[in-house]
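This report describes selected local features of one protein model. Please consult the sequence and coordinates shown below.

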Amino acid sequence: DYTPNKKLGVVVGARYDAHNIYGWQLSPRLGIRYHVNDILTLKGSAGTGFKAPSFQQLYLSFTNPTAGYTILGAAVFDEEVERLQAQGDIAGLFPVAEQIGDLQAERSTSFNAGFVFSPAKVLTLEVNAFSNNIRNMIFEELVGMKENGSQLFSYRNIEEAFTRGLETNVQWEVINGLELSVGYQLLYAKD
């Protein structure tokens with residue numbers, strides 16, 4: 001965290017992941033905040049990320065006793081589906097079930113830019129634009145239906161996906177001790 005003067009702040013960081021199955025990943029991050037004046041602050045950040053599949057996403061075999069739905073980890077999917085089919089529990093599988101298999105680690109690159117505008121002590125407007133590019137996004141997918149009418153889920157990778165959008169937030173201190181806050185997010189998420 002580097003603050004050379006009252007106007008500029010820089011945060012630099014990195015995370016190192018070493019995984020015995022999914023390899024290693026260095027994920028650097030950089031954030032900058034610049035106070036233009038008393039009412040306007042500019043900010044931006046960039047970074048990368050890494051996420052190995054969790055134990056749940058790989059090995060979980062769970063059926064909710066109340067709702068009846070089932071979630072199967074990708075690594076045990078084929079064997080658990082065979083077991084459920086042998087018991088007569090599966091009504092049908094969707095074509096996407098063929099895409100369930102070895103999960104890959106998720107990697108991402110993110111960018112954010114925005115500003116904080118405070119024209120008065122009691123009023124603040126914050127706007128942030130963002131873009132995230134994701135490779136091998138781990139996604140929970142509806143893969144079939146069970147005989148009891150409930151759903152069967154598992155996990156798969158989406159080769160490439162992105163999220164882009166804009167976040168806004170307005171805070172207004174109506175009176176001392178009473179604050180009104182309104183926010184909106186515009187989000188585009190696609191594979």
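The side chains of Thr124 and Ser118 are joined by a polar contact of 3.3 Å; such a contact is a pair of N or O atoms within 3.5 Å, of which, within protein, one must be able to donate a hydrogen and the other to accept it, and residues adjacent in sequence count only if both atoms are side-chain atoms. The model is predicted, so local features need pLDDT of at least 70 and side-chain atom pairs count only at pLDDT 80 or more, while totals for chains, interfaces and linings use all residues. Residues are numbered from 1 along each chain as its sequence is written, and side-chain values use heavy atoms, with hydrogens and water left out.

Thr124 belongs to strand β8 (residues 123-146); strands (E, at least two residues) and helices (H or I, at least four) are DSSP runs, numbered from the N terminus. Beyond its neighbours within four places in sequence, Thr124 is in contact with Val116, Phe117, Ser118, Asn169, Val170 and Gln171, contact being heavy atoms within 4.5 Å.

| Group in α2 | Residues |
|---|---|
| Buried | Phe77, Glu80, Val81, Leu84 |
| Exposed, on the other side | Asp78, Glu79, Glu82, Ala86 |

The buried residues of α2 fall within an arc of 100 degrees seen down the helix axis, so they line one face; the arc is that of the directions from the axis to the C-beta atoms. Their cover includes β4 (61-63), β5 (70-72), β6 (90-93), β8 and β9. Just after α2, Gly88 takes a positive phi of about 75 degrees.

Trp172 lies in strand β9 and counts as partly exposed because its relative accessibility is 40%.

Key
Buried < 20%, exposed > 50% of the residue type's maximum accessible area, 1.4 Å probe, protein only.
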